[in-house]
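Hi,

Here is the structure I promised to pass on.

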Amino acid sequence: MTVPRFLSSAARSLLLPCPAAGLLRCRLPGSGSSSRRNMSSKRQMDHLEKTASNYRQNSLYPAQVCGIINESETVKRLRIAVHPDFIFRAGQWVDFLIPGVEKVGGFSMCSSPGLLQREGVIELAVKYTKHPPAHWIHTVCAVGSSVAMRVGGNFFFDPSPSDPSMDLLLVAGGVGINPLYSILLHTRDLLHLNQASGGRDYNIGSAHLCYSAKNTQELLFKGSITEACREFPDKFSCDFHVTQQSADVDPHLHPFLNRGRITEEELRAHVDPQRTLCYLCGPPPMIEAISKTLVDFGLAKDRILFEKWW
């Protein structure tokens, strides 16, 4: 494997052997989680520490930024041309290595594996923070910037063509939407494949998205999400939740918009213990509360997968 010359010492440590691949049904928060929270509150763990036990691919690939847009006032969306051998599963993240930046970033893909196959690119949506990798993306990164990436993560949706149908419940808070949006786009691609095969491949059930943010400006990808719901109304549905909305709301969003937090009643309406597979991504307190609610509804713990990304 060729190693980019600009890699920092932290980045070079990524070249150590990684755990074996496989779909991990992430454990729900248990009695040990409180001690971990107390420790992390004293010192913010970085991406490499948080994901040390996660699966990582062996290969680190060079890549180049080929597009940048402002997804919101605080979020930049990068379009990145990648190596032909680069692959990922919907929901996974990348180690993001930047020339001259010691810290390694960790960002979930917000694009589908299908886009990678069609155009050779992936997309990342990164919120502004002072953490060096995110700060670099918002203040230095430009079209043509070179980076390096390696795929990792146990949180993904990757059904086989012959797998039985299941219903997805996707629950996102803030920029926790990124991996779930990737899963939603992948599901849409699979529905197109199902249509092309005359219904023989990828027997996809329904997918419902519950997505909470401060206001509609911070609801990322809302146009594409509502478009998918209109394209497949019998398959996709979504409920946007805003907790601090003050400005007027776009009339096109009214059918999907709710004021206030995600409710137990909404979750219950989309949980079938025999069919539902739930993916959660957002702030840890939100994930823990919703996970407990889903278990109370009778959903087995191995049907609840989560990513505590912050």
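Predicted model: local features only at pLDDT ≥ 70, side-chain atom pairs only at ≥ 80, totals over all residues.

**Strands**

Begin with strand 1, which covers residues 61-70. Strand 1 pairs with strand 2, residues 75-82, in the antiparallel sense. There are 7 bridges between strand 1 and strand 2. To see one of them, find Ile69: its bridge partner in strand 2 is Arg77.

Strand 1 has another antiparallel partner, strand 6, at residues 146-152. Here the pairing runs over 4 bridges. Look for Ala63, which stands opposite Val147 of strand 6.

**Arg56**

Now step back to the loop between helix 3 (47-50) and strand 1, where Arg56 sits. Is Arg56 buried or exposed? Its relative accessibility is 6%. Buried means under 20%, so Arg56 counts as buried. The side chain of Arg56 also makes a polar contact of 2.6 Å with the side chain of Thr51.

**Empty space**

A probe the size of a water molecule, rolled over the atoms, shows where space is left empty. How many cavities of 30 Å³ or more does the structure hold? The count is 1. The largest cavity contains about 90 Å³ of space. It is lined by 13 residues, and those closest to its centre are Phe157, Pro159, Pro164, Asn203 and Ile204. By type, the lining has 7 nonpolar, 5 polar and 1 charged residue.

Best wishes

Definitions and conventions. Residues numbered from 1 in each chain as written. Heavy atoms only, no water. 1 Å grid on protein atoms, 1.4 Å probe; cavity = no way out; pocket = protein on both sides within 12 Å on 5 of 7 lines; lining within 4 Å. Points joined across faces, edges and corners; volume = space filled by probe spheres on them. Nonpolar A, V, L, I, M, F, W, Y, C, P; charged D, E, K, R; others polar. Pairing = 2+ DSSP bridges. Helix = DSSP H or I, 4+ residues; strand = E, 2+ residues; numbered from the N terminus. Buried < 20%, exposed > 50% of the residue type's maximum accessible area, 1.4 Å probe, protein only. Polar contact = N/O pair within 3.5 Å; in protein donor to acceptor, adjacent residues only side chain to side chain.
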